[in-house]
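Student: I have a model open and want to know what backs up the labels. Can we go through them one by one?

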Amino acid sequence: MILENLEKIQKTIPSTVCLVAVSKTKPISDLQEIYDAGQRHFGENKVQEMTEKWEVLPKDIHWHQIGHLQTNKVKFIAPYVHLIHSVDSLKLLAEINKQAEKCQRVIKVLLQFYIAKEESKYGLDYDEAKELLASNDFKTFKNIQIIGVMGMASFTDDTSIVRKEFSQLKTIFTHIKTDFFPNDSSFKEVSMGMSGDYELAIEKGSTMVRVGSSIFGGR
Ligand SMILES: *Cc1c(COP(=O)(O)O)cnc(C)c1O
């Protein structure tokens with residue numbers, strides 16, 4: 001069933017969009033099943049769970065940290081994480097840089113933006129992001145690479161609201177690209193879209209969708 005779900009979703013996604021299979025709470029056997037069919041990008045929101053899975057699964061998997069990340073947990077994923085989607089403070093970015101340096105790596109990250117109507121504790125607004133990117137601290141970070149933005153739309157059936165929020169994130173991406181990364185071709189990712197809204201997200205310019213329950217079933 002999982003494999004059929006994956007294939008169905010792949011058919012609706014352009015080949016230029018990265019499909020991150022969100023496997024949080026799901027057993028190793030579920031991940032292995034789609035790994036065997038060629039899936040290489042997996043998303044998890046808990047550091048301990050992701051690390052346990054990384055330890056036993058093949059090492060060519062690209063692990064995406066998509067959930068809120070506490071600074072004291074960064075060291076556990078620094079040796080292997082492929083992309084951290086949830087950077088929402090300078091303090092967290094500083095810690096990622098520090099741990100990446102220890103591992104002699106450059107860790108790729110996305111800045112998470114707060115775009116939904118709902119109360120959420122996580123995510124930057126545009127002014128906070130500008131302040132972070134203009135700071136002197138940021139300029140000293142040699143072991144991180146910001147390659148784009150991430151956001152979550154409101155949980156609503158009103159597609160006009162969801163479309164508006166995804167457009168808003170795309171606009172933020174464009175402004176940040178123009179102001180801070182004009183000559184950096186690696187700043188190109190817009191991580192938006194989940195099971196319920198990834199088609200709308202792609203319509204609005206998503207380059208990376210994070211799909212869990214539509215592949216693995218409900219949690
Ligand atoms: C769980 C989660 C997803 C996937 O959600 P589904 O609705 O199961 O597709 C995507 N992004 C984040 C940040 C998540 O926590």
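Predicted model: local features only at pLDDT ≥ 70, side-chain atom pairs only at ≥ 80, totals over all residues.

Student: What makes the radius of gyration agree with a compact globule?

Tutor: The rule is 2.2 Å times the number of residues to the power 0.38, with the radius taken over C-alpha atoms. For 219 residues that puts a compact globule near 17 Å; the chain has 17 Å, so the two agree. The C-alpha atoms fill a box of roughly 50 × 45 × 35 Å along the principal axes.

Student: Which helices and strands are counted in the chain?

Tutor: Helices are DSSP runs of H or I with at least four residues; strands are E runs of at least two, and numbering starts at the N terminus. The chain has 10 helices and eight strands.

Student: Why is Ser15 called exposed?

Tutor: Exposed means over 50% relative accessible area, buried under 20%, partly exposed in between (1.4 Å probe, protein chains only). Ser15 has 79%, so Ser15 counts as exposed. Ser15 sits in the loop between α1 (2-12) and β1 (18-22).

Student: Why is Ser23 called buried?

Tutor: Its relative accessible area is 0%, so Ser23 is buried. Ser23 lies in the loop between β1 and α2 (28-36). Beyond neighbours within four places in sequence, Ser23 contacts Leu31, Phe42, Gly43, Glu44, Glu49, Lys53 and Phe216. Across the chain, buried residues make up 49% of the 219.

Student: What makes a set of residues a nonpolar core?

Tutor: Its members are buried Ala, Val, Leu, Ile, Met, Phe, Trp, Tyr and Cys residues, joined through side-chain atoms within 4.5 Å. The largest core has 61 residues; Phe42, Ile84, Leu93, Ile96, Phe113, Ile146 and Ile215 touch the most other members. Helix α8 (residues 159-180) gives the largest share, six residues. Apart from this core lies another, of seven residues, including Leu83, Ile147, Met150 and Met208.

Student: Which residues does Ile96 touch?

Tutor: Leaving out residues up to four places away in sequence, Ile96 touches Val74, Ile84, Val87, Ile107, Val109 and Ile144. In soluble globular proteins, nonpolar side chains tend to be buried together.

Note on methods:
Residues numbered from 1 in each chain as written. Heavy atoms only, no water. Contact = heavy atoms within 4.5 Å.
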